[in-house]
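Hi everyone, thanks for coming.

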Amino acid sequence: MGLSLDVSKLGANIGAVIYGVRLGGDLHPGTVAAIRAALLQHKVIFFRDQHHLDDDEQVAFARLLGVPTIAHPTVTSRGDTVLPIDSRFDQANSWHSDVTFVDRVPKASLLRAVTLPGYGGSTVFANTEAAYDQLPPALRALAENLWATHTNLYDYAGGQTDKAVSDETRSYRAEFESSYYETEHPVVRIHPETGKRVLLLGHFVKRFVGLGSSESADLFRVLQNRITRLENTVRWNWQLGDIAVWDNRATQHYGVADYDDQFRFLSRVTLAGDAPLGVNGLSSRVIAGDASHYSDVVAADVVAAEPVPSS
């Protein structure tokens, strides 16, 4: 039986702040259940004033919500379980869901602010369930029959020209692409806990299966723009002591690189997930790469998210 939480919604379609909880590995099971329910309902939840957390306590809290993966399938030089989001190496200035280039798409991520710039550096989250629900019938039918190829050769920090990037960034990109992964995912997947249909896209998509590059680009733009409509998004302005938890199966996010040369550092823990299942009952297909070292495939029971009262 879940306990009640002090939850304040940030928008009609996505985002909530939870107050009065001191995060860690020793939370009451009822509180954990309420946090899980809030995450399923609001897609991304935020906690302020968690200054007591370090990497170990962040991992301990994460274990209450799921099974942590290793830090990253390919970027293995910077951490075992906790991935440093370090502005000296990468700035994820692009819409994506985490690590969709493998077959076992992560369940969720937990991101903690460690060092922040004096301005800028917010993160924007988008609700991919709401985007699906808002599709007109013709687009919905099309999306439900599409599969997309995701690869790690599309580095989401790669919007800059080679002349604009540092040696550190080039080194990071080389490591990011050091092992090649390619996976075909259904564009519409069934959320394994809520049973809802969500769009699975983002900028790790290379093309749509059976379509050429030009057609894929045009169609991707149509569907991706549906996800990132402003009414489906929430923008979080970080403060020290903040931690964000998002359902990676029902969201995309965009770390806004608008802080010039200031230093920005956050710590991320990722939770293992399942292989996405399409509306036709088929699951994602591995084309290249073995992600078994990254995490086990962790299945979730199909349960309905209980509404969490919000102020």
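Let's begin with helix α1, residues 29–42, which lies across β1, β2 (16–19), β3, β5 (108–115) and β13. Its direction runs at about 130° to β3. Helices here are DSSP runs of H or I with at least four residues, strands are runs of E with at least two, and both are numbered from the N terminus. The angles run from 0 to 180 degrees between N-to-C directions, with axes fitted to C-alpha atoms, for helices over the stretch in contact.

Helix α2, residues 55–65, packs on the sheet too, touching β5, β13 and β15 (265–271). Touching, or contact, means heavy atoms within 4.5 Å. The direction of α2 makes about 30° with that of β15.

A quick word on the model: it is predicted, so local features need pLDDT of at least 70 and side-chain atom pairs count only at pLDDT 80 or more, while totals for chains, interfaces and linings use all residues. Residues are numbered from 1 along each chain as its sequence is written, and side-chain values use heavy atoms, leaving out hydrogens and water.

Now, in what order do the seven strands of the open sheet come? The order is β1-β2-β3-β13-β5-β15-β4, with mixed pairing. Two strands pair if DSSP finds at least two bridges between them. The edge strands, β1 (6–9) and β4 (83–86), each pair on one side only.

Let's zoom in on one pair. Strands β3 (residues 44–47) and β13 (residues 243–247) run antiparallel and are joined by four bridges. Ile45, for instance, has Val245 in β13 as its bridge partner.

Next, the inside. The largest nonpolar core has 26 residues, and Leu23, Ile35 and Phe47 touch the most other members. Such a core is a set of buried Ala, Val, Leu, Ile, Met, Phe, Trp, Tyr and Cys residues joined through side-chain atoms within 4.5 Å. Helix α1 gives the largest share, five residues. Phe47 touches, among others, Ile18, Leu23, Ile35 and Val245, leaving aside residues up to four places away in sequence.

Last stop: is Asn248 buried or exposed? Asn248 is buried, at a relative accessible area of 2%; buried means under 20%, exposed over 50%, and partly exposed in between, using a 1.4 Å probe and protein chains only. You'll find Asn248 in the loop between β13 and β14 (251–255). Its side chain reaches the backbone oxygen of Pro106 at 3.2 Å.

Methods:
A polar contact is a pair of N or O atoms within 3.5 Å; within protein, one must be able to donate a hydrogen and the other to accept it, and residues adjacent in sequence count only if both atoms are side-chain atoms.
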